[in-house]
Amino acid sequence: MNPEKALMTQEPDARASDVSDASDATASEVSAPGAPAATAGTTGATGVHARIDVSGVAAAPGQRPDAGTVFECADVDVYYGDFRALRDVSLDVAEHEVTALIGPSGCGKTTFLRCFNRMNDLIEGARVDGTIHYHGVNLYQDEVDPVEVRRRVGMVFQKPNPFPKSIYDNIAYGPRLAGVKRSELDDVVEGSLTRAALWDEVKDRLKMSAYGLSGGQQQRLCIARAIAVQPDVVLMDEPCSALDPIATGRIEELIAELKNDYTIIIVTHNMQQAARISDMTAFFSVQANEMGHRTGELVEYAPTSLIFTNPDDPRTEAYITGRVG
Amino acid sequence: MTPDHLTAADLQTSLGRRIRSRTVRWLFMGAAAVTVLVSALIIWTVASGAWTFISQVELTRLADIGWFPRRGLFDLTTLLVNSAQISVIAMAVAVPSGFGAAFYLSEYAHPRVRRVMKPTLELLASVPSVVLGVFAISFITPSILTNFFSDINFFNKLAAGIAVGLLVIPLIASISEDALRAVPQALREASAGLGARRVTTSIRVVLPAAMSGLMAATIVGFSRAIGETMVVTIASGGGDTSLYNLSLYESGGTLTSAMAALGLGTDQVAGNNLAFQSLFFLGALLFAMTLVLNMVGDVIVRRLQNRY
C-alpha cells in the first residue's frame with residue numbers, strides 16, 4: 001500500500017490507525033517553513049508550478065516537492081436546514097494544481113465546492129461545520145467577511161451566466177468593484193480576455209451584448225470575468241456541462257494554461273475530463289439513510305494518476321470503470 | 001374486446017350531447033362578447049358626448065380663469081395642471097417607497113418575512129380609496145401638514161397627492177417585486193462570486209436587469225394615480241369649480257374629480273349649456289391620456305428589453 005496515498009484517504013477501514021498517526025506527523029512537517037512534505041505524489045508536469053524556493057530544498061527523486069497548501073479542510077459537514085448534505089470531509093488543496101471533485105449526482109461535490117468561497121452563505125438555511133483554513137485562516141470564523149473571501153476565491157458556474165451587459169462591462173464589473181482606475185480598465189479587460197483565449201474573437205465587439213456570444217464563448221467570458229479580479233483560486237462548477245465537445249476542449253486547454261497562475265478546483269461529471277486536466281482527484285459518494293436522506297461523503301482523495309489506474313476503494317473503482325453512477 | 005362489426009354509427013355521439021357541447025360553447029363565447037360589447041358601448045357613449053361638446057363649445061372657453069362649467073368656463077389647463085401636480089406628488093411618494101419595499105422583499109427579506117409581508121402589502125392595495133381620502137383630511141392635513149405649512153388649506157393638493165401615493169405604493173411594490181424576482185439567481189451568484197456585496201449586486205446587476213419591469217410598474221402606477229378619483233374628490237377637488245392656481249397648499253379639481261362632481265350633479269348641470277357634455281369630453285381626454293401612457297410604457301419596456 002502506498003502510504004502517501006493513505007494520507008489522503010478518508011475511508012475509515014483497517015488503515016485507520018496508521019493513517020491518523022501519519023497525518024499528524026505530516027501536519028507538523030507542513031507547518032514547518034520550507035520543510036519537505038510528503039502530502040502528495042503526482043508525477044508529470046510538476047516542476048512548472050512548484051514554488052521554487054521550496055523545490056530546491058526538498059525534492060527527493062521521483063517525489064514532487066511541496067507546492068504549498070491553499071486550503072486545509074477538516075471534518076467539513078454541510079447542512080441544509082436539518083438535512084445533512086455532506087459529512088466529514090477532510091482534504092488539502094495544493095497551490096497551482098488542478099483539483100478535481102468527481103462523483104455521482106447528489107454526492108455533494110458542488111456543495112463542497114461552494115464552501116471554499118462561502119457561496120453556501122447565500123442559501124437560506126445552509127450551515128457549514130468543521131473548518132476550512134485558507135492560507136492558514138479559518139474561513140468560517142466570525143471575523144471573516146465572505147465578500148473578501150470571494151475576491152480571492154473566484155467562481156465559474158455550471159451554466160454560463162454573463163450579466164446582461166456588454167462584453168466589456170462583464171469583464172470590468174469585478175475590477176470596478178475592486179476600485180481599479182478607469183484608465184487601467186482597458187488593459188485589465190484586454191488582459192483577462194486574452195488570458196481566457198477570447199480576445200481575438202471579441203475584440204471588435206466589446207461594446208456588444210455578452211448574450212450574443214455562443215455558449216462556449218460565454219463560458220470563457222465568465223472565466224475571463226473571474227480572473228479579471230486577479231483571484232488566487234478559481235472554483236469551477238462543471239464548467240463544461242452545457243458545452244459541446246469542441247468548446248469543452250478549448251476550456252480544458254484554458255484550464256491547463258491557467259493553473260500556472262491560479263489554483264483551480266473543478267467539479268466535473270466527466271471522468272475523462274478529470275483524468276485529462278487534474279493533478280489530484282477527490283471521489284465523493286452518496287449514502288442514503290433509513291429516512292431516504294442522501295448524505296455525501298469523501299471516499300478517496302489521491303493523485304489523479306492513481307485514482308484512475310489503481311484506486312484504493314472498491315467504490316471508486318466501481319465508479320470510474322462505469323459499473324456505478 | 002374486439003368488435004366483430006363496426007359502423008360509423010357506433011363511433012357517433014348522441015344528438016343530445018352534441019347539442020349540449022355546442023350550447024356551452026355559445027354561452028362562453030357570449031360571455032366573452034359581452035365585455036367587448038360593453039367596451040365598445042363605453043367608447044361610443046364617451047366619444048359621442050365628447051364630440052357634442054367639442055363641436056358646440058366656443059374654443060376660447062377652453063382657456064380661461066378656471067373650471068366653472070355652469071358659467072360655461074371650461075379651462076382645461078386648470079384640471080390638467082392639478083391632475084399632473086397630484087400625480088407627480090403621488091409618484092414622488094410611491095416610487096421610492098414602492099421600489100424600496102420591492103428591493104427589501106426580493107433581495108433582503110428572509111423568506112419567512114416575505115411570506116408575511118407580501119400579502120400584507122397586497123392587503124393595503126385593497127383598502128378602498130374613499131378610506132384614504134378620509135385619511136387625508138382627517139390625518140395627513142391636520143396632524144402632519146399643518147405643522148409644516150401653517151397657511152395650508154384644509155383641502156389641498158399636497159395631501160391628496162400624498163394619499164394617492166399611499167394608494168399606489170402596494171401596486172408599484174408588487175409589480176416591481178415580481179420583476180426583481182424574475183431576475184435569474186445565477187446573475188446574483190455571479191456578482192457575489194466576484195466579491196460584490198448585496199447592495200452592489202442589487203444596484204448594479206439586479207436593477208438594470210429588472211429595469212423594464214420597474215418602468216412598467218412606474219407607468220401602471222402613474223396611470224392609476226392619474227385616474228384616481230375618490231381620494232382627490234374628498235381631499236382636494238370636492239367643489240364643482242376650481243380657480244386656476246399652482247399652489248399645492250390650495251384645493252383644486254382634477255380631470256377625475258371634475259367628472260365626479262358633474263356626474264353627481266352637484267352643479268345642477270342638466271340643461272345648463274354644455275356642462276353635462278363636458279363630462280364626456282373629460283372622460284375621453286382621460287382615456288386618451290392613459291392609453292398614450294400605456295403605449296409609451298410599452299415602447300420603453302420593449303426598448304429596455306432589447307438593449308442587450
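This is a predicted model: local features need pLDDT of at least 70, side-chain atom pairs count only at pLDDT 80 or more; totals for chains, interfaces and linings use all residues.
Local features here need pLDDT of at least 70 and side-chain atom pairs count only at pLDDT 80 or more, while totals for chains, interfaces and linings use all residues. Residues are numbered from 1 along each chain as its sequence is written, and chains are lettered from A and ligands numbered from 1 in the order in which they are written. Helices (H or I, at least four residues) and strands (E, at least two) are DSSP runs, numbered from the N terminus.

**Chain A overall**

- Chain A contains 13 helices and 10 strands.
- Of its 325 residues, 46% are buried; a residue is buried if 20 or more other C-beta atoms lie within 10 Å of its own, exposed if 12 or fewer, and partly exposed in between, with C-beta atoms placed from the backbone.
- Among contacts in chain A with a separation of 6 or more, 66% involve residues 24 or more positions apart; a contact means that the C-beta atoms of two residues, placed from the backbone, lie within 7 Å.

- Strand 3 (98-102) of chain A runs parallel to strand 9 (residues 280-288) of chain A, and four bridges join them; strands pair if DSSP finds at least two bridges between them.
- Strand 9 of chain A is also joined to strand 10 (residues 294-303) of chain A, this time antiparallel and through nine bridges.
- Strand 9 and strand 10 of chain A form a hairpin with five residues between them, and A:Gly292 in the turn has a positive phi of about 90°.

**Helix 10 of chain A**

- Helix 10 (residues 245-258) of chain A has 14 residues and should span 20 Å at 1.5 Å a residue, which agrees with the 20 Å between its end C-alpha atoms; the expected span is 1.5 Å times one less than the number of residues.
- A:Ile251, A:Leu254, A:Ile255 and A:Leu258 are buried in this helix.
- Why do the buried residues of helix 10 of chain A line one face of the helix? Seen down the axis, they fall within an arc of 100°, so they share one face; the arc is that of the directions from the helix axis to the C-beta atoms.
- An α-helix has 3.6 residues a turn, so residues three or four places apart point the same way.
- On the other side of helix 10 of chain A, A:Pro245, A:Ile246 and A:Glu253 are exposed.
- The cover over the buried residues of helix 10 includes strand 3, helix 9 (215-227), strand 7 (233-237), strand 8 (263-267) and helix 11 (271-277) of chain A.

**Where chain B meets chain A**

- The chains meet through 15 residues of chain B and 22 residues of chain A.
- On the chain B side, helix 6 (185-193) and helix 7 (198-209) each supply at least two residues, and helix 6 gives the most, with six residues.
- That side of chain B has 10 nonpolar, three polar and two charged residues; Ala, Val, Leu, Ile, Met, Phe, Trp, Tyr, Cys and Pro count as nonpolar, Asp, Glu, Lys and Arg as charged, and the others, Gly among them, as polar.
- B:Arg188, B:Ala190, B:Ser191, B:Ala192 and B:Gly193 are the buried residues of helix 6 of chain B.
- These buried residues pack against helix 5 (146-152) and strand 6 (153-156) of chain A, together with helix 7 of chain B.
- Just after helix 6 of chain B comes B:Gly195, with a positive phi of about 85°.

**Inside chain B**

- The domain assignment of chain B gives domain 1 (13-56) and domain 2 (62-306); such bounds come from an automatic or database domain assignment.
- The C-alpha centres of the two domains of chain B lie 32 Å apart, and the contact takes eight residues from domain 1 and eight residues from domain 2.
- B:Ala163 lies in helix 5 (residues 157-181) of chain B and counts as buried because it has 32 C-beta neighbours inside 10 Å.
- Residues touching B:Ala163 include B:Leu132, B:Phe135, B:Ile140 and B:Val231.
- B:Ala136 is 27 residues away from B:Ala163 in sequence, with 5.9 Å between their C-alpha atoms.
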